[in-house]
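Please keep the sequence and the structure in view while reading.

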Amino acid sequence: MGSLLLLTFKRMLRDYIGVSLLVVLPIGLISLIGLVAGYMAIPEGIPVMDWLSISFVLSFQLFGGAYTMSYLKEDMFSPRRWRIMSLPLRIDLYSFIIVTASTCYSMVQGLSIVLFTHLVYGVHWGNILWLLVVLFLISLLSQIVCLICLLTVKSFKLAERLSEVYGIGSMVFAGLIFGLPNNGFFTFMNTYGNPVSVARHAILEMLDGVASQAALFAVLLLAASLLLFPVTAWLGKRRLA
């Protein structure tokens, strides 16, 4: 299992387009928007570059689920499937390895942006272990959501569009695309209603020293994955068996 996980990880390292979209692009956006919006005030009272960096690192974790979709589609929904199934390996275990490798690889990409913004812009990320926990939780949730998209519809392009709705919709409700109206619905959605805001609160609350609140938001991310896992398992049995 370990060797297969390593091989999958190496396979992902050769995906230069993914690196460009999920590492280079967010760094460019953080640099450009941070330069333009450097004078603006953020309601949470933290530096603009810190808020932008935290928000974009978490947001692009949502699109890291494309790795799970892409590699499972390539291996299990193409003629290669018969080669995979001829191996002495359980299909559910093989799928688990791809999801695990995708989760770890997406985390590493997020950490590379964290390191860049810390060294270049002096962004304060707080406790690195807590940051790893939050990155893992949001990355895992995104892999599961994208896997559900892949297993729910037969068209891969439609599954991609659904995953983009999940990612961009979360960014909208997190207030990254435009300012949200000040009412109860949008306040709720900007606090609990999308994974970017929940993960962002988990990091910001820990930075403020309110560990109990930070843990509560982390538990929400974990609960979302646990709730969706049975759905994923059921869909997987239907499509991959």
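In what follows, two residues are said to be in contact when they have heavy atoms within 4.5 Å of each other. The model is predicted.

**Helices H7 and H10**

- Helix H7 covers residues 128–152, and helix H10 covers residues 195–207.
- The axes of H7 and H10 come within 10 Å and cross at roughly 170 degrees.
- Because angles over 145 degrees count as roughly antiparallel, H7 is roughly antiparallel to H10.
- On the H7 side, the residues in contact are Trp130, Leu131, Val134, Ile138 and Leu141; their partners in H10 are Pro195, Val196, Ala199, Ala202, Ile203 and Met206.
- By class, the contact of H7 with H10 comprises 11 nonpolar, no polar and no charged residues.

**Helices H3 and H10**

- The axes of H3 and H10 come within 9 Å, with a crossing angle of roughly 140 degrees.
- H3 is therefore oblique to H10.
- The crossing in which H3 passes H10 is right-handed.
- From H3, the contact takes in Trp51, Ile54, Ser55, Leu58, Ser59 and Leu62; from H10, it takes in Pro195, Val196, Ala199, Arg200, Ile203, Leu204 and Leu207.
- This contact of H3 with H10 contains 10 nonpolar, two polar and one charged residues.

**Helices H3 and H6**

- Helix H3 (residues 48–63) and helix H6 (residues 91–121) have axes that come within 9 Å and cross at roughly 165 degrees.
- H3 and H6 are therefore roughly antiparallel to each other.
- H3 passes H6 in a crossing that is right-handed.
- Met49, Ser53, Val57 and Gln61 of H3 are in contact with Ser106, Met107, Gly110, Ile113, Val114, Thr117 and Tyr121 of H6.
- The contact of H3 with H6 has six nonpolar, five polar and no charged residues.

**The largest nonpolar core**

- In soluble globular proteins, nonpolar side chains tend to be buried together.
- The largest nonpolar core of this model has 67 residues, and the members that touch the most others are Phe56, Leu58, Met76, Trp125 and Val134.
- Among the elements that give two or more residues to this core are H3, H6, helix H2 (16–36), helix H4 (65–76), helix H8 (156–173) and helix H11 (211–240).
- H7 gives the most to this core, with 16 residues.
- Beyond residues up to four places away in sequence, Val134 touches Leu58, Ala199, Ala202 and Ile203. Val134 is also one of the H7 residues that meet H10, and Leu58 is one of the H3 residues in the contact with H10.

**Two buried residues**

- Ser95 lies in helix H6. Its relative accessibility is 9%, and Ser95 therefore counts as buried, since the cut-off for burial is under 20%.
- With residues up to four places away in sequence not counted, Ser95 touches Leu72 and Leu240.
- Ile84 lies in helix H5 (residues 80–85) and is buried, with a relative accessible area of 9%.
- Ile84 is in contact with Asp75, Met76, Ile91 and Tyr94, leaving aside its neighbours within four places in sequence.
- Ile84 and Tyr94 are 10 residues apart along the chain, and their C-alpha atoms are separated by 8.9 Å.

Methods
Residues numbered from 1 in each chain as written. Predicted model: local features only at pLDDT ≥ 70, side-chain atom pairs only at ≥ 80, totals over all residues. Heavy atoms only, no water. Axes fitted to C-alpha atoms, helices over the stretch in contact; angles between N-to-C directions. Helix = DSSP H or I, 4+ residues; strand = E, 2+ residues; numbered from the N terminus. Parallel < 35°, antiparallel > 145°, perpendicular 65-115°, else oblique. Left-handed = near helix turned anticlockwise from the far one by under 90°. Nonpolar A, V, L, I, M, F, W, Y, C, P; charged D, E, K, R; others polar. Core = buried A, V, L, I, M, F, W, Y, C linked by side-chain atoms within 4.5 Å. Buried < 20%, exposed > 50% of the residue type's maximum accessible area, 1.4 Å probe, protein only.
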